[in-house]
Amino acid sequence: MRENEGKNVISIEKVGDELLAGGDELSVWTSARGVGFFLPPDSKLLPALGAVSGWVTGQGYEPAAVNSFLQMADYYLVAHASAHGLTVVTHEVASISVR
C-alpha cells in the first residue's frame, strides 16, 4: 500500500472493475482498496488507446484475439502505461497460439 501511496505501484479503474466482477477473494481485496487505488482515465489516455490499437491490429494477430484484447482492461492498462512512460509488470506470458 505504501508503494501505491507514493505512486510507485499503480493500477487503473478498468483493472479494478474486472477484479470486482470476479466475485472472489481478489474482488474483496479490490473493494478494500477504496477510491484512489485504481486511477481513473485521464486526458492522455485517448491518444494512447489509438496508438495501442493501431499497433495491435498491425501485428498479424487473429481478429478474434485482437477483438478480445481491445475489450479487456489490459488494453487500457497498456495505453495508460504508454501515455505516462510507465512499465507494466505482469505474471502473464505471451502465447504464440493466438497469432
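## Ser11 and strand β1

Ser11 is found in strand β1, where strands (E, at least two residues) and helices (H or I, at least four) are DSSP runs numbered from the N terminus. Ser11 is buried because its relative accessible area is 11%; buried means under 20%, exposed over 50%, and partly exposed in between, with a 1.4 Å probe and protein chains only. Leaving out residues up to four places away in sequence, Ser11 touches Phe37, Phe38 and Leu39, a contact being heavy atoms within 4.5 Å.

This is a predicted model in which local features need pLDDT of at least 70 and side-chain atom pairs count only at pLDDT 80 or more, while totals for chains, interfaces and linings use all residues. Residues are numbered from 1 along each chain as its sequence is written, and side-chain values use heavy atoms, with hydrogens and water left out.

## Chain overview

The protein chain has 6 helices and 2 strands. Along the sequence they follow the pattern α-β-α-α-β-α-α-α.

Of the 99 residues of the protein chain, 22% count as buried. Among contacts in the protein chain with a separation of 6 or more, 65% join residues 24 or more positions apart.

## Nonpolar cores

The largest nonpolar core has 8 residues: Leu45, Ala48, Leu49, Val52, Val56, Val66, Tyr75 and Ala79. A nonpolar core is a set of buried Ala, Val, Leu, Ile, Met, Phe, Trp, Tyr and Cys residues joined through side-chain atoms within 4.5 Å. Helices α4 and α6 each supply at least two residues of this core, and α4 gives the most, with 5 residues. A second, separate core of 5 residues includes Ile12, Val15, Phe37 and Phe38.

Val66, a member of the largest core, touches Val56, Thr57 and Tyr61 when residues up to four places away in sequence are not counted. Tyr61 lies in the loop between α4 and α5. Tyr61 counts as partly exposed because its relative accessible area is 29%. The C-alpha atoms of Tyr61 and Ile96 are separated by 9.3 Å, and the two residues are 35 residues apart along the chain.

## Helix α6

The 12 residues of α6 should span 16 Å at 1.5 Å a residue, which agrees with the 17 Å between its end C-alpha atoms; the expected span is 1.5 Å times one less than the number of residues. Just after α6, Gly85 takes a positive phi of about 65 degrees.

The buried residues of α6 are Ala73, Tyr75, Ala79, His80 and Ala81. These buried residues pack against β1 (11-12), α2, β2 (38-39), α4 (45-57) and α5 (63-70). Val78 is also found in α6, and Val78 counts as partly exposed because its relative accessibility is 33%. Apart from neighbours within four places in sequence, Val78 is in contact with Val52, Phe69 and Val88. Val78 and Leu49 are 29 residues apart in sequence, with 8.4 Å from C-alpha to C-alpha.

## The cavity

There is 1 cavity of 30 Å³ or more. A cavity is a set of points, on a 1 Å grid over the protein atoms alone, where a 1.4 Å probe fits but cannot get out; lining residues have an atom within 4 Å of a point. About 60 Å³ of space lies in the largest cavity, where grid points are joined across faces, edges and corners and the volume is the space filled by probe spheres set on the points.

Ile12, Glu13, Lys14, Leu39, Pro40, Pro41, Leu45, Tyr76 and His80 line the largest cavity. The elements that give two or more residues to this lining are α2 (13-20) and α6 (73-84). By class, the lining has 6 nonpolar, 1 polar and 2 charged residues; Ala, Val, Leu, Ile, Met, Phe, Trp, Tyr, Cys and Pro count as nonpolar, Asp, Glu, Lys and Arg as charged, and the others, Gly among them, as polar.

Definitions and conventions
On a 1 Å grid over the protein atoms alone, a cavity is a set of points where a 1.4 Å probe fits but cannot get out, and a pocket is an open set with protein on both sides within 12 Å along at least five of seven lines; lining residues have an atom within 4 Å of a point.
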